[in-house]
Amino acid sequence: MTTNPAAPGPPSPRPTPPAPTTSEPTPPRPAPAHPGPQGTGRPLRIAVVGGGPGGLYAAALLKRLDPTREVTVWERGAPDDTFGFGVVLSDETLGGIEHADPEVYRALTAEFVRWDDIDVVHRGRRLTSGGHGFAALGRRRLLEILHARCRELGVVLRIRTEAPPASDLARSHDLVVAADGVHSLTRQAHADVFRPRLTSHRCRYIWLAADFAFDAFRFEIAETEHGAMQLHGYPYAKDSSTVIVEMREEVWRAAGLDTCDEAESVARCAKIFSEALGGRPLRGNNSSWTAFRTVVKDRWSHGNTVLLGDAAHTAHFSIGSGTKLAVEDALALAACIEEQPDLPTALAAYEEERRPVVESTQRAAAASLRWFEDLATYLDQPPRQFAFNLLTRSRRVTHDNLLLRDSAFTQAVERDFGCTPGTPPMFTPFRLRGLELRNRVVVSPMDMYSAENGVPGDFHLVHLGARALGGAGLVMTEMVCVSPEGRITPGCAGLYAPEQAAAWRRITEFVHRQSPGTAIGVQLGHSGRKGSTRLMWDGIDQPLPTDDDNWPLVAPSPLPYRTGVNQVPAQLDRSGLIDVREQFAASAWRAARCGFDLLELHCAHGYLLSSFLSPLTNRRTDAYGGSLARRLRFPLEVFDAVRGIWPDDKPMTVRISATDWAAGGTTEEEAVEIARAFVAHGADAIDVSTGQVVPDEAPEFGRSYQTPFADRIRNILGVPVIAVGAISSWDDVNSLLLAGRADLCALARPHLYDPHWTLHAAAEQDYSGPGAPWPLPYRAGSRRPPTGRTDGPKPRLSLRSP
């Protein structure tokens with residue numbers, strides 16, 4: 001954590017009178033005698049490239065901490081040149097500013113406008129959620145405050161002056177702080193070291209202002225003949241508001257806004273959102289339509305040059321984080337330079353401290369960005385659910401958090417969802433065909449690699465039985481293989497022999513007898529080219545030790561999972577396709593007689609049916625390869641065969657990989673069409689996972705990182721979905737359900753950590769209804785056990801002055 005960079009330290013120099021803002025650069029102060037760059041010592045001669053909030057604040061802090069430093073800021077623009085109008089800062093960021101520089105904090109707080117409400121206006125209905133707490137001020141005023149503080153401290157400001165090349169500055173200064181924005185020339189000059197990756201996104205936006213103050217943070221949707229457009233608006237002064245208008249690129253072009261100049265764009269936006277603006281005009285400031293670009297990079301520093309703010313990273317404006325991140329970067333950089341013994345260590349500590357914070361913010365911003373990109377898919381949601389969905393889009397605000405902020409609004413959303421008083425969303429029932437699940441929690445399929453010759457044993461009875469007793473509405477088996485050759489490992493369970501069926505029957509009977517109301521489902525699959533490998537803990541995806549141990553593999557195309565490691569599978573011919581289809585049908589017949597309540601067809605994770613769907617693994621030129629319709633043909637044939645065997649009143653689901661996380665793989669649009677095809681053939685729900693199709697995938701890991709794919713399928717097709725992927729808390733489950741992003745939530749690792757995860761979630765929410773009944777033998781443990789006292793009065797260890 002960052003410590004106080006303001007104390008203790010040398011006394012501040014006597015303040016100098018603020019210099020007037022003119023078009024001329026501030027004259028440089030005489031440089032102190034200095035032997036040149038110190039390399040590994042404390043930096044005394046510092047160059048800051050970029051006079052935005054981050055660069056100015058870094059300069060002020062570094063000078064305040066050591067008045068003997070020579071700190072120079074280069075800014076090529078005029079003092080009042082700025083992109084945008086208002087700046088929102090969080091209480092957390094303000095607390096850091098107060099700690100580091102009370103003078104700046106006092107100046108900022110004197111300017112802030114504050115408000116608590118968020119208004120969401122959709123289809124003529126305005127819904128308000130309170131308790132959020134915002135503080136904003138004008139960006140120009142922020143720059144004025146920071147300019148004044150820099151001058152007061154003796155920072156040299158070279159305004160309207162292009163900075164020398166970063167390499168030149170690095171030779172003549174101890175430290176170069178590159179705060180030169182998203183188009184950073186410093187970053188570009190050392191791209192081979194920083195290795196930046198810039199991603200442009202699907203929406204166009206323009207930053208405008210209105211000469212009145214909104215009374216809340218306002219989101220308004222306009223459904224035009226060209227498509228959906230959205231307004232983001234918030235006050236930043238008593239008589240001024242920021243207004244951002246955003247829409248998909250194709251909507252922007254269809255509306256003809258791509259051919260409008262600034263004046264025309266401003267007028268058109270004011271007309272589109274005239275109701276929100278009360279008929280008042282908008283104004284620009286060299287405003288233009290822009291596609292947001294996300295910046296990430298491998299390194300943050302190079303020698304004695306370090307990147308800060310948008311030069312280092314960007315996060316979508318919809319979570320209001322740009323200036324916040326830049327100011328926090330400045331705080332952390334100054335603190336690390338003070339705390340560490342030399343510059344290399346300080347820059348490494350700065351990156352180590354800031355990188356996880358920035359990456360977390362970027363994940364939240366990416367979720368928010370995608371939500372607005374996919375806005376059209378949510379327009380038909382009920383009004384309050386739409387508003388809740390918008391408010392929780394970044395996953396930073398959750399159901400539990402919003403319940404604390406505005407209980408009346410959240411409880412109204414719960415009532416619309418169908419929650420009875422005192423019932424969290426996760427404990428509402430859900431029906432698929434003739435099966436009613438008592439709650440929305442699913443124990444996700446997890447391979448245990450503990451079967452003998454495909455036969456599940458006592459381990460499986462205890463493993464699945466414990467999770468059934470733990471309260472989940474649906475408990476899924478691991479992938480149960482349809483043939484010996486369809487196993488992933490020798491330890492994988494099967495359903496291709498009578499003794500396997502008998503063992504599964506023992507487990508389903510236990511679940512139904514000892515945990516009545518809990519459903520148990522079977523997932524049928526075939527390993528394809530990913531089979532004949534060792535147990536996970538002996539070497540995941542590694543072939544078995546000897547040729548005698550391995551069995552032949554089949555796949556849509558003769559492509560090994562890992563070239564030179566895994567064996568080359570045989571390409572299935574027509575006869576082989578028929579054999580596999582019949583194996584699935586036979587296993588489904590056995591599953592029905594075992595008493596399973598639900599059957600899931602595994603078409604994900606690069607196993608056989610999945611590898612037919614992905615263009616990366618299906619290179620066939622016959623009727624089963626090529627276009628998506630052809631790649632779907634065999635998985636649909638298998639689905640039809642299984643659905644024909646599986647009882648009509650029992651549901652079938654399909655698990656898919658909605659993206660391969662690899663170039664040239666399954667796209668989000670194709671995932672929707674894959675889901676659409678299975679639903680048309682009778683699938684009752686789509687279990688939406690991702691990846692594991694090719695070994696060189698690059699997943700975007702993070703909390704609930706796979707749920708946007710389920711969300712998209714659900715809200716485009718209107719079909720039930722099961723969301724998976726790093727869903728770890730009951731708060732996440734409630735949030736996803738209430739926002740309409742999922743119908744069921746499948747959790748894997750949380751159920752390995754705690755077999756009674758669902759019951760404990762009920763206890764922690766003070767819920768004791770029919771959605772999570774405790775088994776009679778366990779009922780005495782339905783309350784959290786008492787622990788040692790941690791909240792008692794603390795002893796006073798010091799005397800107060802009289």
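Mentor: Keep in mind that this is a predicted model. Start with the overall layout: the C-alpha centres of domain 1 and domain 2 lie 44 Å apart.

Trainee: Where do the domains run in the chain?
Mentor: Domain 1 covers 45-373. Domain 2 covers 433-778.

Trainee: Switching to P445. Where is the place of P445?
Mentor: P445 sits in a loop.

Trainee: Is P445 buried or exposed?
Mentor: Buried. Its relative accessible area is 15%, and the cut-off for buried is under 20%.

Trainee: What does P445 touch?
Mentor: Leaving out residues up to four places away in sequence, P445 touches M476, T477, E478, Q523, E600 and R655. There is also G521: 76 residues from P445 in sequence, yet 9.2 Å away in space, C-alpha to C-alpha.

Trainee: New topic, the surface. Which residues form a nonpolar patch?
Mentor: M536, W537 and I540 do. Together they have about 350 Å² of accessible area.

Trainee: And W537, buried or exposed?
Mentor: W537 is exposed because its relative accessible area is 53%, and exposed means over 50%. W537 belongs to helix 18, residues 536-539.

Trainee: How many aromatic pairs does the count come to?
Mentor: The count comes to 25. One of the pairs is F217 with Y234, and this pair is tilted. The ring centres are 5.2 Å apart, with 40° between the planes.

Trainee: Which strands does that pair link?
Mentor: F217 is in strand 11 (residues 217-224), while Y234 is in strand 12 (residues 227-237). They are 17 residues apart. Both F217 and Y234 are buried.

Trainee: Last one, helix 23. Why is helix 23 described as largely enclosed?
Mentor: Because eight of its 11 residues (helix 23 spans 707-717) are buried. Those buried residues are T707, F709, A710, D711, R712, I713, N715 and L717.

Trainee: What covers the buried residues of helix 23?
Mentor: The cover includes strand 10 (196-210), strand 26 (652-657), strand 27 (685-689) and strand 28 (721-723). Helix 22 (668-680) and helix 24 (730-738) are also among the covering elements.

Trainee: What comes just after helix 23?
Mentor: G718, with a positive phi of about 70°.

Conventions: Residues numbered from 1 in each chain as written. Predicted model: local features only at pLDDT ≥ 70, side-chain atom pairs only at ≥ 80, totals over all residues. Heavy atoms only, no water. Helix = DSSP H or I, 4+ residues; strand = E, 2+ residues; numbered from the N terminus. Buried < 20%, exposed > 50% of the residue type's maximum accessible area, 1.4 Å probe, protein only. Contact = heavy atoms within 4.5 Å. Domains from an automatic or database assignment. Patch = residues over 30% accessible without salt bridge, like charges linked within 9 Å, V, L, I, M, F, W, Y side chains within 5 Å. Areas by Shrake-Rupley, 256 points an atom, 1.4 Å probe, with all protein chains shown as cover. Salt bridge = Lys/Arg side-chain N within 4 Å of Asp/Glu carboxyl O. Phe/Tyr/Trp six-rings, centres within 6.5 Å; stacked < 30°, edge-to-face > 60°.
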